[in-house]
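The points are grouped by topic.

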Amino acid sequence: MAEIPYKIYLEETEMPTAWYNMRADMKVKPAPLLNPGTGKPMTAEELGGVFCEELVKQELDNDNRWVEIPQEIRDFYRMYRPSPLVRAYCLEKKLDTPAKIYYKFEGNNTSGSHKLNSAIAQAYYAKKQGLKGVTTETGAGQWGTALSMACAYLELDCKVYMVKVSYEQKPFRREVMRTYGAEVTPSPSMTTQVGRKILEEFPGTTGSLGCAISEAVEAATSQPGYRYVLGSVLNQVLLHQSVIGLETKAALDKYGVHPDIIIGCAGGGSNLGGLIAPFMGEKLRGEADYRIVAVEPASCPSFTRGVFAYDFCDTGMICPLAKMYTLGSGFIPAPNHAGGLRFHGMSGILSQLYHDGFMEAVSVPQTKVFEAAEAFARVEGILPAPESAHAIRAAMDEAMKCRETGEAKTIVFGLTGTGYFDMVAYEKYHDGKMDDYIPTDEDLKKALEKLPKVAEA
């Protein structure tokens, strides 16, 4: 085996030229999106009223294992890809563990996260279709920042509905979006019909991704020349994010490293799905086996406490129905500091894989998450985003189990981005003002009782 350096960089020529579509290798495909009015699978024509035409094709593609990445997108990727895979030697030493820990770092671009991988793809297809602009929602702000950057690059209008609690907690993230020309609105707002309805029902609400999605979809469908784009959950997004896992696997293969455990934080599923994609492909085809772990906040535990059912992806109930692990579209999570993980549902692909036993999930409270984030920053030199720190927490826990058992397992996790716009959260943690609110069974029951009634075939 070749000597493994601290950071593993691939050559530019080793950057993926095609995205990998996990659905092609899934024996049980994700259930189709349903039209909430008819209860029937959404057609390409119906989806085309909301999404870009080429993205609709990608959304519905269950058969093609590989989708070529257009040259224009690959040229953009070259600004920050391939991204490094880092051996966490200092963290290993600090934990006194025989485990080998690697992390794939996606924060080395202006948006500060993995979100740019899909943002440039979706903006490219919008531009190619001749559209004026796009609308979207954002939680912590990473997706909104990435999309605003991609739209500025391609000279497209960008309208962002930012979850109100994040809008207030992260003003500098908001200003980065505005620097790139985006129009940023705190959600729920009075600018849309659905926003006004949500505010009437939940006065003073701090918002959720479900609320912001509703507003962004309404804004897109009510303005000619606009389409809606989404930073997570959808099949097309996991497809674009597969560059993360493809690069990770190429780097590990280069040095003959086989991971035992692969860990990613899970909100809607974009980073987790992207990281695990080629490894899950091998698992689905019976070529190799890995333990794959999704980590979610205890305050919004879609996998660990949700149900696998059809539900609306948005609070306003105007989007298609998706079969996924959900807490109910009416569930508005506590205003924790991992805004990108505050979604009531989960990717349909990941939900099906979890349901079929190909992966597992754990939930962690946010004080434990920030404890891990601080420990990581002190020894590895990167201040992680709160979302990423969920994966760090689980990776550290697994490494400490190895210390107890003496097993030298290889652990890989996704470091989705940096936390330099999350200092309000770090301040609350340091000042002892951060709590660990966890919803009660009664809280979850209220939202789950309102799940739509769907007759499945």
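In this predicted model, Cys-265 stands opposite Val-295 of strand 11. The two strands concerned, strand 10 (residues 261-265) and strand 11 (residues 291-297), pair in the parallel sense over five bridges. Between them the chain passes through helix 12 (residues 270-285), and this β-α-β crossover from strand 10 to strand 11 is right-handed.

**Strand 10 and its surroundings**

- Strand 10 also pairs with strand 15, again in the parallel sense, over three bridges.
- Within that pairing, Ile-263 has Phe-413 of strand 15 as its bridge partner.
- Strand 10 is largely enclosed by the rest of the structure, because five of its five residues are buried.
- In a regular strand the side chains alternate between the two faces of the sheet.
- Both faces of strand 10 are covered, with Ile-261, Ile-263 and Cys-265 buried on one side and Ile-262 and Gly-264 buried on the other.

- Four strands form an open sheet in the order 8-7-6-9, with parallel pairing.
- Strand 8 and strand 9 (226-228) are the edge strands, each of which pairs on one side only.
- Neighbouring strands of this sheet are turned against each other by 20° on average, direction ignored.
- Strand 6 (residues 133-138) and strand 7 (residues 157-163) pair in the parallel sense over six bridges.
- Val-134 has Cys-158 of strand 7 as its bridge partner.

**Helix 6 and Thr-145**

- Helix 6 lies across strand 6 and strand 7, and its direction is at about 165° to strand 6.
- Thr-145 is located in helix 6 (residues 142-154).
- Thr-145 counts as buried because its relative accessibility is 1%, under the 20% limit.
- Apart from neighbours within four places in sequence, Thr-145 is in contact with Ser-111, Arg-173, Val-176 and Met-177.

**Helix 15**

- Helix 15 (residues 366-380) has 15 residues and reaches 20 Å from its first C-alpha to its last, close to the 21 Å expected at 1.5 Å a residue.
- The buried residues of helix 15 are Gln-366, Val-369, Phe-370, Ala-372, Ala-373, Glu-374, Phe-376 and Glu-380.
- An α-helix has 3.6 residues a turn, so residues three or four places apart point the same way.
- The elements against which the buried residues of helix 15 pack include the helices 4 (89-95), 16 (386-405) and 17, as well as the strands 5 (100-105), 14 (360-364) and 15 (410-415).

- Thr-192 lies in the loop between strand 8 (183-187) and helix 9 (193-201).
- The relative accessible area of Thr-192 is 2%, so this residue is buried.
- The side chain of Thr-192 reaches the backbone nitrogen of Gly-195 at 2.9 Å.
- Beyond its neighbours within four places in sequence, Thr-192 is in contact with Tyr-161, Glu-215 and Glu-218.
- Lys-433 is placed in the loop between helix 17 (423-430) and helix 18 (441-448).
- Lys-433 counts as exposed because its relative accessibility is 63%, over the 50% limit.
- Lys-433 and Asn-271 are 162 residues apart along the chain, and their C-alpha atoms are separated by 29 Å.

How values were computed: Residues numbered from 1 in each chain as written. Predicted model: local features only at pLDDT ≥ 70, side-chain atom pairs only at ≥ 80, totals over all residues. Heavy atoms only, no water. Buried < 20%, exposed > 50% of the residue type's maximum accessible area, 1.4 Å probe, protein only. Expected span 1.5 Å × (residues − 1). Contact = heavy atoms within 4.5 Å. Polar contact = N/O pair within 3.5 Å; in protein donor to acceptor, adjacent residues only side chain to side chain. Pairing = 2+ DSSP bridges. Right-handed = clockwise from strand over helix to strand, strands pointing away. Axes fitted to C-alpha atoms, helices over the stretch in contact; angles between N-to-C directions.
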